[in-house]
Number of protein chains: 2
Amino acid sequence: MSYRAATSEYEFILNAIIGIEEASQTEKFSETTPDLVTAILGEAGRLSDNVMAPLQRGSDLEGARLENGVVRTSPGFAEGWQAISDGGWVGMSADPEYGGMGLPFSVATAVNEMMAGACLSLQLAPLMSQGQIEALEAHASDAIKDLYLPKLISGEWTGTMNLTEPQAGSDVGALTSKAEPNGDGTYAVTGQKIFISWGDNDFTENVVHLVLARLPDGVPGTKGISLFVVPKFIPNENGKPGRANDLKVVSLEHKMGLHGSPTCVMQYDGATGWLVGQEHGGMAAMFTMMNNARLGVGGQGVGTAEGAYQHALEYALERKQGRTPSGTIADHADVRRMLMEMKADIFASRAIMLANAHAIDMSHATDAGDWTSRAAFLTPITKVFGTEVGMRVAETGVQVYGGMGFIEESGAAQYSRDVRVTAIYEGTNGIQSMDLVGRKMMDGGEMAGRLLDEIEDLAETGRGANPKMTDALWNACEALRDATDWMVAHDMQDRFSGSLHYLRAFARILGGYYHLKAAQADPGGPREKLARFYMSRMLPEYTAHLAAATAGSDGVFALSLEDLAG
Amino acid sequence: MSYRAATSEYEFILNAIIGIEEASQTEKFSETTPDLVTAILGEAGRLSDNVMAPLQRGSDLEGARLENGVVRTSPGFAEGWQAISDGGWVGMSADPEYGGMGLPFSVATAVNEMMAGACLSLQLAPLMSQGQIEALEAHASDAIKDLYLPKLISGEWTGTMNLTEPQAGSDVGALTSKAEPNGDGTYAVTGQKIFISWGDNDFTENVVHLVLARLPDGVPGTKGISLFVVPKFIPNENGKPGRANDLKVVSLEHKMGLHGSPTCVMQYDGATGWLVGQEHGGMAAMFTMMNNARLGVGGQGVGTAEGAYQHALEYALERKQGRTPSGTIADHADVRRMLMEMKADIFASRAIMLANAHAIDMSHATDAGDWTSRAAFLTPITKVFGTEVGMRVAETGVQVYGGMGFIEESGAAQYSRDVRVTAIYEGTNGIQSMDLVGRKMMDGGEMAGRLLDEIEDLAETGRGANPKMTDALWNACEALRDATDWMVAHDMQDRFSGSLHYLRAFARILGGYYHLKAAQADPGGPREKLARFYMSRMLPEYTAHLAAATAGSDGVFALSLEDLAG
């Protein structure tokens with residue numbers, strides 16, 4: 001089985017659906033010409049297909065191990081990392097001043113997605129570094145930036161993020177790690193952190209940890225948390241890794257999937273750290289990192305879906321059965337239905353993700369509030385919908401394989417095991433949905449309304465060619481508008497009781513929007529046909545989601561905890 | 001974490017929802033008193049909780065192995081099998097004449113389900129034997145019955161079913177295994193079979209294979225297939241295992257889950273077999289076995305869902321977070337929503353499954369055609385809905401655990417890995433749905449209509465107490481009636497293009513029916529509250545499913561195979 005990055009699909013979406021030329025017209029991204037984008041995607045595609053994809057299965061069989069306190073990575077990962085670094089892909093959207101490529105985040109997101117489809121566990125390593133680079137760019141002092149950014153961007157060093165503690169998961173504010181001033185401008189960081197993705201490796205000379213901890217005068221809760229950069233080896237005066245810091249990997253988790261990615265329990269015993277950003281301002285700094293990381297995790301879902309889809313299609317085209325035109329199961333109606341659903345959902349989730357990334361670019365390039373709000377609004381949707389599409393498509397991929405899907409040699413099962421964590425990490429999908437109906441609706445539903453206006457405008461102007469499709473989408477928007485009004489008018493308990501279903505409905509309708517755009521770009525062609533399929537068979541899911549979204553909290557809490565157990 | 005069989009839930013459904021007393025009033029099941037059912041469920045529950053559940057995790061870590069051609073089973077499985085056999089659970093619904101308990105299939109189904117929730121991979125062993133016992137009871141000669149049934153029922157020997165070959169999966173008719181007459185009434189069976197669950201073990205003195213193969217004069221396709229009983233050791237004149245037969249386990253599959261169940265590649269090299277049933281009548285005989293096995297696999301899904309739910313609830317009640325009444329995540333709206341959805345779906349799928357089993361009992365006890373049709377109609381629904389609920393609840397269980405869910409030590413991931421195969425084996429869920437809209441609608445939709453009449457009757461008579469709930473259900477029935485008419489009026493290609501969604505809609509509505517019955521049995525109580533939750537938030541899914549069900553084949557085949565790859 002082979003994997004081929006969906007290069008032409010990214011190009012189509014970036015150019016015809018999202019309108020990346022809008023970004024190219026800004027000063028910040030003026031060098032992003034169509035030819036450059038084509039070249040970048042082609043180059044990244046070759047790396048994904050030829051270097052990363054071949055590492056996928058081996059990294060599942062021989063996952064990361066901890067040997068005498070040292071992490072040993074999967075076969076070929078050192079070379080894979082080297083190739084990713086050499087290509088400049090770690091720092092592709094980082095500041096050119098520190099060695100980054102300065103590419104739009106939309107292009108970087110496409111590259112991250114294709115790499116996720118090739119080998120998710122390795123792709124997570126540059127994704128973690130990218131998050132750290134962003135956080136340091138936005139919040140660190142010049143001294144820290146000058147020291148760390150070039151190393152992280154070049155891939156000589158890797159970065160991690162350390163939030164979670166055994167009793168502080170989704171509730172980050174409950175963390176107990178401490179940071180005490182050493183009197184020389186540095187801090188002694190002490191505590192245990194869990195679920196640290198790529199907490200260590202055996203292929204870079206240093207690993208840089210961003211650690212959330214509480215200063216002695218930090219108040220309880222999230223407002224008393226500060227952010228520290230804590231390197232595995234303390235850089236000496238030449239910026240080279242010097243003495244080992246007082247930290248260690250205690251153990252690696254045994255996970256359902258993503259075996260190639262070492263998930264570490266980290267112990268900090270008075271490790272030397274440097275403050276990033278303001279005292280007690282750690283959450284704000286961390287959010288910079290997390291917001292884009294959330295989009296990146298959504299992309300992990302989409303990329304996994306792409307990989308799973310390609311494998312399933314290839315199998316369906318090989319598996320002989322019955323007297324059909326091709327003689328394979330690909331001609332069986334229910335198999336074809338599965339493939340169509342997979343393909344339609346990959347397009348929808350990918351378009352939402354790239355639109356989200358584009359909004360971030362425009363926000364950075366123009367400082368316009370609307371783009372910032374749009375980016376913030378789309379982020380939880382990209383994360384949840386992307387990862388749910390990842391899970392569902394990977395599951396369907398196993399189903400297409402039939403009995404072979406349950407056998408690990410087919411590779412279908414691995415997609416499904418690996419992608420499972422994406423719905424959990426970087427804030428569970430439940431937390432994301434609460435973010436959407438809570439924080440992201442503090443504007444009284446204005447951003448939601450603007451998106452719906454945009455969709456309805458397109459539906460109205462495009463009615464002529466496809467009245468059935470556009471009417472369906474327009475009706476969906478109206479229903480979503482009502483549900484949005486309902487959300488804004490209700491308290492958080494009611495909202496949270498329906499938040500995930502609300503988000504799912506929103507994603508379905510946004511997916512319809514981008515499918516309609518694709519249909520308009522390809523009249524009578526396969527994209528219009530796929531859009532029709534989506535609109536008649538998948539869009540209607542919104543009705544059930546909106547019913548659940550606006551049913552309120554009474555039903556959710558109708559049973560006591562004793563009743564639930566009974 | 002502990003598992004407790006949902007004994008009182010089975011009792012409630014059997015007595016108040018399904019009306020098992022109807023079966024007790026027949027001669028065949030006249031000994032099935034309420035007290036007996038209570039005693040049986042209690043006894044089986046103790047076995048599930050105390051003997052089987054403790055084997056779950058260990059069997060995942062130390063799965064079955066093949067050592068020098070011999071299968072070595074997981075730690076404790078030999079003792080587990082012994083306890084299952086000693087309790088009489090292998091033959092609980094088998095003919096008392098051969099040592100069976102003669103219990104209604106509804107009760108046996110409840111017991112199988114609870115055992116599945118305790119340890120799925122071990123539970124599959126008696127499930128396979130039960131299928132074989134049924135097939136032999138219905139089709140074998142007296143000589144074969146006298147020899148094999150007592151051994152299988154007592155658990156001294158185990159049984160398997162051998163259908164699949166490398167190039168004959170869902171298309172059983174493509175199989176190439178041969179059976180040649182030896183001239184002494186026996187046959188020489190030759191061929192390779194794959195995906196043979198529990199194809200061997202190290203805890204019984206014999207393993208009896210039911211093998212599909214083609215006689216020399218067998219026509220191509222399913223009509224030329226015959227069924228043979230092929231024991232691992234050929235019984236001698238005393239009925240004891242004698243010389244080794246010419247068959248062997250070639251290898252075990254490396255699977256995503258269900259590690260405790262050895263999935264074998266079997267090689268038959270002129271192995272001695274005896275014909276079961278008529279020459280070329282193998283498929284009919286096999287269907288006896290498969291129909292009830294399909295119901296059993298649906299029950300594996302429901303049982304896994306129960307286990308996953310119990311673990312998730314226990315974790316939610318332990319995991320401290322935030323200032324909520326209980327101080328745990330169980331008070332968070334989105335977590336509570338997940339738990340409610342899990343519980344509501346477990347009830348729905350369990351009730352459908354037990355109603356299906358009851359219909360089989362009534363069909364056996366009364367020979368009434370309506371019960372037979374009803375059982376046949378419900379079987380694919382039980383299989384698909386039960387296994388999809390299993391997958392979805394197990395996935396949600398992982399989500400409730402958050403980061404811990406992805407870590408194998410929590411046990412949440414194992415449910416999700418183990419249950420995955422249930423949507424595939426015994427006929428993939430796609431095949432089941434084709435069976436529903438094809439073979440099971442050869443009556444022109446009459447059986448579907450009778451079920452809908454029954455539901456609408458209940459909705460009408462029960463309207464007073466719960467008009468909102470009953471109206472929703474009644475409307476759903478009308479929509480499903482229309483979709484059923486659509487199915488009957490269209491060709492198979494159109495039907496199959498929407499068959500899985502049609503089945504899902506039917507299951508959702510049947511689930512509503514049983515929830516309404518439960519509400520009526522518990523006015524103002526938790527069952528009514530759960531029914532309200534289901535009816536307002538989960539039942540509405542039928543609209544999207546029916547839209548997809550009746551959209552026809554044009555959309556499904558709109559893209560060419562090249563477009564799909566593009």
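# Contacts within and between two chains

User: In this predicted model, which residues is B:Ser410 in contact with, leaving aside its neighbours within four places in sequence?
Analyst: B:Ser410 sits in the loop between helix 11 (369–401) and helix 12 (412–419) of chain B. Leaving aside neighbours within four places in sequence, its contacts are B:His311, B:Tyr401, B:Met404 and B:Gly405.

User: Is B:Ser410 buried or exposed?
Analyst: A residue counts as buried when its relative accessible area is under 20%. The relative accessible area of B:Ser410 is 11%, so B:Ser410 is buried.

User: Which backbone oxygen does the side chain of B:Ser410 reach?
Analyst: The residue belongs to the loop between helix 11 (369–401) and helix 12 (412–419) of chain B. At 3.0 Å, the side chain of B:Ser410 reaches the backbone oxygen of B:Ile407.

User: How are the two copies, chain A and chain B, related?
Analyst: Chain A can be laid on chain B with an RMSD of 0.0 Å, using a turn of 180° and a shift of 0.0 Å along the axis. The two copies are therefore related as by a two-fold rotation axis. The same surface serves both copies, since 100% of the contact residues of chain A recur in chain B. The relation is that of a two-fold rotation axis.

User: How much area do chain A and chain B bury between them?
Analyst: The contact takes 85 residues from chain A and 85 residues from chain B. In chain A, the residues that lose the most area to chain B are A:Phe406, A:Arg537 and A:Leu564, together 12% of what that side buries. Of the area buried between the chains, 61% is on carbon and sulfur atoms, and the total is about 7200 Å².

User: Which helix gives the largest share of the side of chain A that touches chain B?
Analyst: Across the interface of chain A and chain B there are 31 residue pairs in polar contact. The largest share of the side of chain A is eight residues, and they come from helix 10 (residues 333–366) of chain A.

User: How do the residues of the side of chain A that touches chain B divide?
Analyst: The groups are nonpolar, polar and charged. Their counts are 38 nonpolar, 26 polar and 21 charged.

User: How many salt bridges are there between chain A and chain B?
Analyst: Side chains of opposite charge can pair when their charged atoms come close. A:Arg392 forms a salt bridge with B:Glu395, with the closest N and O atoms 2.9 Å apart. The structure holds 60 salt bridges over all chains, and the count between chain A and chain B is two.

User: What separates A:Arg392 and A:Glu395 in helix 11 of chain A?
Analyst: A:Arg392 also forms a salt bridge with A:Glu395, their closest N and O atoms being 3.4 Å apart. A:Arg392 is partly exposed at 27% relative accessibility, whereas A:Glu395 is buried at 12%. Because the two are three residues apart in helix 11 (residues 369–401), their separation is about one helical turn.

User: How many residues apart in sequence are the parts that B:Asp453 and B:Arg481 tie together?
Analyst: The side chains of B:Asp453 and B:Arg481 meet in a salt bridge at 3.0 Å, N to O. B:Asp453 lies in helix 14 (residues 446–461) of chain B and B:Arg481 in helix 15 (residues 467–489), so the parts they tie together are apart in sequence by 28 residues.

User: Which residues do salt bridges that share partners join into one network?
Analyst: A:Arg392 forms salt bridges with B:Glu395 and with A:Glu395. The network joins A:Arg392, A:Glu395, B:Arg392 and B:Glu395.

Conventions:
Residues numbered from 1 in each chain as written. Chains lettered and ligands numbered in written order. Predicted model: local features only at pLDDT ≥ 70, side-chain atom pairs only at ≥ 80, totals over all residues. Heavy atoms only, no water. Least-squares fit on C-alpha atoms with pLDDT ≥ 70 in both. Contact = heavy atoms within 4.5 Å. Buried area = accessible area lost by both parts, 1.4 Å probe. Salt bridge = Lys/Arg side-chain N within 4 Å of Asp/Glu carboxyl O. Polar contact = N/O pair within 3.5 Å; in protein donor to acceptor, adjacent residues only side chain to side chain. Helix = DSSP H or I, 4+ residues; strand = E, 2+ residues; numbered from the N terminus. Nonpolar A, V, L, I, M, F, W, Y, C, P; charged D, E, K, R; others polar. Buried < 20%, exposed > 50% of the residue type's maximum accessible area, 1.4 Å probe, protein only.
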